[in-house]
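Welcome to a short tour of this structure. Have the view open beside you and follow along from stop to stop.

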Amino acid sequence: MSEAVTVRPVIAARHVTMTFTTRKGPLTVLEGFDLQVQPGEVVCIVGASGCGKSTFLNLVAGFLRPSGGEVLLEGRPISRVEPRCGMIFQSYALFPWMTVLENVAFGPRLKGASRRACRERARHWISMVGLDGFEHAYPEELSGGMQQRVALSRVLANDPEVLLCDEPFAALDAMTRQVLQQELLQVVADTGKTVLFITHSIDEALILSDRLVVMSARPGRVKAVYCNDLPRPRGMDVQITDRFLELKRGIWGLVQEEVVGSLRALQRR
Amino acid sequence: MSGNTLGLWQGLMLGAVGLIVFVGGWELVVQLGMIDAFFLPPPSSVLARMLDLASGPDAVLWHDIRMSATRVLTGFALSALVGVPLGLLMGMSPAVRAALSPIVSIIRPLPALSWIPLSMLWLGIDEQQKYAIVFMGSFASVLVYTTDATLRVDQTLIAAARNLGASRLQVIRFVMLPGALPNILSGLKVVLAIAWTCVISAEMVGANSGLGFRIWTAKEWSDTGQVLVGMLSISITVLLLDILFRSLEHLLLPWQRGDGT
């Protein structure tokens, strides 16, 4: 990005601290966390489990308020649950009592759009993720990969600014995961949505991201940021290049440092 | 068909065989004089007695079944009408839950029978007294089942709905209610069986109609055949109501069809 153009970040986290009160006393999950996400960017956050990456996503979604610092969406602090940041959950979170069509039409329906408009919009997004013919199926009748596609189209039908992805493919088998990664990239290319994606898979982060953030162990802060210059599309041929492996080795080193460090801290206790 | 499951017909056949052996054995021990028919009349004479009570000009059996069923369903409907909304409220509001839990804990362990003295003093042996017994015997259970069902609604679904822009009221309408419905219904099914024991007890103590009354008067007259007819009628009626309730569930929970659970 050239320095002459100043683009306002879609998401900006400034010195964010998040402390939970637990039975054992206060637990600081994030401390001095800073991050900016530009419009149309795909940012992946990797880090050891418990480093606060999900907590950060919940702050952006407005499910939590920071204990310190601020999280801004288009320059304004997030003060309530934020429908402009559509969340995709690891567990799909589809409503089991609604058909695929009803699930996808849920957002528009809440806004009071006409029944017909809701259906049309839902059909469009269902077809976008390749689920034509499954409109009247219930989620339980679908495979995990198909359910996550429904969840994706449900969020897209609500037309958010940002897609928040909380390890959405972690529960899927490796093949399905690869397919869905490519589908997500396609949708993002078509719609120009900004994506904040959390994962513990370095491969996944390297395949998806424009920028890759490595978090430190708890309390989480930004440990390193990589501009991911791997060529797209990042199919298998890219995944075996030297550049890919070099990046992976470097990131793995950083993550490992944190995991080992936090394990030592636990043992000392 | 593999391992520990049976086909539909195999299952039905084995069930029929079990029933025939049981009833046949019963008939045999009585006919052979091993058990006095006065204490345990054989199935053949129970059946004859049943036909006798179900036919004739007054057909008391039908009248009794209708009376008992009306009492059960009225009392049950009342406790569902009060218990379900209140249970939803308790499930959704920690404050309401904290305020009402002690009262529920005091009322819930009381058997329906223990309400009979007070209810008779207050209401006599009218129909209202039967409704009250059923209500007091089942209301607290409805409340507990509903509260539990509401608490067990998946929090991620609530988060997802909020994320898609649902207001608190919309979350209740579109997520909490349908999410809690399956567990509320299976709770109500258990409570319906409890309601039957309530009404039979109430009828034995003070009533002039109903299956409980019929069984109790038969005992006074040492009419063991009629006692068994009454008991059998309870079984059949409860079974039929259960089938009815299941089809209601099937109708209300279309997304749970065909999974066999």
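Predicted model: local features only at pLDDT ≥ 70, side-chain atom pairs only at ≥ 80, totals over all residues.

**The sheets of chain A**

S9 and S10 belong to an open sheet of 6 strands in chain A, with the order S6-S7-S8-S3-S9-S10 and mixed pairing. At its edges stand strand S6 (85-88) and strand S10 (222-227) of chain A, each pairing on one side only. On average, neighbouring strands of this sheet are turned by 20° against each other, direction ignored.

Chain A also has an open sheet of 4 strands, ordered S2-S1-S4-S5, and its pairing is antiparallel. Strand S2 (25-37) and strand S5 (76-77) of chain A each have a single partner strand, so one side of each lacks a neighbour in the sheet.

| Strand pair | Sense and bridges |
|---|---|
| S7 (residues 162-166) and S8 (residues 194-199), chain A | parallel, 5 bridges |
| S1 (residues 11-22) and S4 (residues 68-73), chain A | antiparallel, 5 bridges |

To find these pairings on screen, look for A:Leu163, whose bridge partner in S8(A) is A:Val195. For the other pair, A:Ala13 has A:Val71 as its bridge partner in S4(A).

**Two residues with positive phi**

Strand S1 of chain A also holds A:His15. Although A:His15 is not a glycine, its phi is positive, at about 45°.

A:Asp159, in the loop between H4 and S7 of chain A, is another residue other than glycine with a positive phi, near 50°. A:Asp159 counts as partly exposed too, with 16 C-beta neighbours inside 10 Å.

**Helices side by side**

How do helix H4 (residues 144-157) and helix H5 (residues 174-191) of chain A lie, and at what angle do their axes cross? The two axes come within 10 Å and cross at roughly 15°, so H4(A) is roughly parallel to H5(A). The crossing is right-handed. In this contact A:Gly144, A:Gly145, A:Gln148 and A:Leu156 of H4(A) meet A:Thr176, A:Leu180 and A:Val187 of H5(A). By class, 3 of the residues in the contact are nonpolar, 4 are polar and none is charged.

The contact of H2(B) with H10(B) has 6 nonpolar, 3 polar and 1 charged residues.

**Where the chains meet**

Lastly, 14 residues of chain B are in contact with 19 residues of chain A. On the chain B side, helix H7 (155-163) and helix H8 (168-205) are the elements that give two or more residues. H7(B) gives the most, with 6 residues. By class, this side of chain B has 8 nonpolar, 4 polar and 2 charged residues.

Conventions: Residues numbered from 1 in each chain as written. Chains lettered and ligands numbered in written order. Contact = placed C-beta atoms within 7 Å. Nonpolar A, V, L, I, M, F, W, Y, C, P; charged D, E, K, R; others polar. Pairing = 2+ DSSP bridges. Axes fitted to C-alpha atoms, helices over the stretch in contact; angles between N-to-C directions. Parallel < 35°, antiparallel > 145°, perpendicular 65-115°, else oblique. Left-handed = near helix turned anticlockwise from the far one by under 90°. Buried ≥ 20, exposed ≤ 12 C-beta atoms within 10 Å, placed from the backbone.
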